[in-house]
Amino acid sequence: MLKATDIDTIVTGKRLGHAVRALKTPFTRAYFKKEFDASVSDEELEALGAGALRRAVLEGDDEMGCFMAGQIAGLIREERPAAEILRSLCDGAEEVLRGAGQWVK
């Protein structure tokens, strides 16, 4: 994630109604290609995707895993605990809201 740029994610799963954005890996590129191949059945796609998240998260498989990531993956520059990120977001929101009265008449 820390090495990702603004073009290092891909959306897959649209065909089956389960769209997700993930880091581009050999797995996600292959899945994307097969997703739009009419000769590949929905069942084959389901089987191909089965276990990909587990392979990424639990096994760290950067070849055959699916690492979920949002559109802002390219903006992540440091590893931080989730609690710290949420605290920072809340602090920022409070600061904006304190000045919101100037926009309401």
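Predicted model: local features only at pLDDT ≥ 70, side-chain atom pairs only at ≥ 80, totals over all residues.
Tutor: Local features here need pLDDT of at least 70 and side-chain atom pairs count only at pLDDT 80 or more, while totals for chains, interfaces and linings use all residues. Residues are numbered from 1 along each chain as its sequence is written, and side-chain values use heavy atoms, with hydrogens and water left out.

Student: Why are α1 and α2 called roughly antiparallel?

Tutor: The axes of α1 (residues 26-35) and α2 (residues 42-49) cross at roughly 175 degrees and come within 11 Å. Angles over 145 degrees count as roughly antiparallel, under 35 as roughly parallel, 65 to 115 as roughly perpendicular and the rest as oblique, so α1 and α2 are roughly antiparallel.

Student: Which residues make that contact?

Tutor: Contact means heavy atoms within 4.5 Å. Phe27, Tyr31, Lys34 and Glu35 of α1 meet Leu45, Leu48 and Gly49 of α2.

Student: What makes Val40 count as buried?

Tutor: Buried means under 20% relative accessible area, exposed over 50% and partly exposed in between, with a 1.4 Å probe and protein chains only. Val40 has 12% relative accessibility, so Val40 counts as buried. Val40 sits in the loop between α1 and α2 and touches Arg15, Lys34 and Leu45, leaving aside residues up to four places away in sequence.

Student: Are Cys66 and Cys90 buried or partly exposed?

Tutor: Cys66, at 7% relative accessible area, is buried, whereas Cys90, at 45%, is partly exposed.

Student: How many disulfides does the whole structure have?

Tutor: A disulfide is a pair of cysteine sulfur atoms within 2.5 Å, and a search of the whole structure finds zero.

Methods: Axes fitted to C-alpha atoms, helices over the stretch in contact; angles between N-to-C directions. Helix = DSSP H or I, 4+ residues; strand = E, 2+ residues; numbered from the N terminus.
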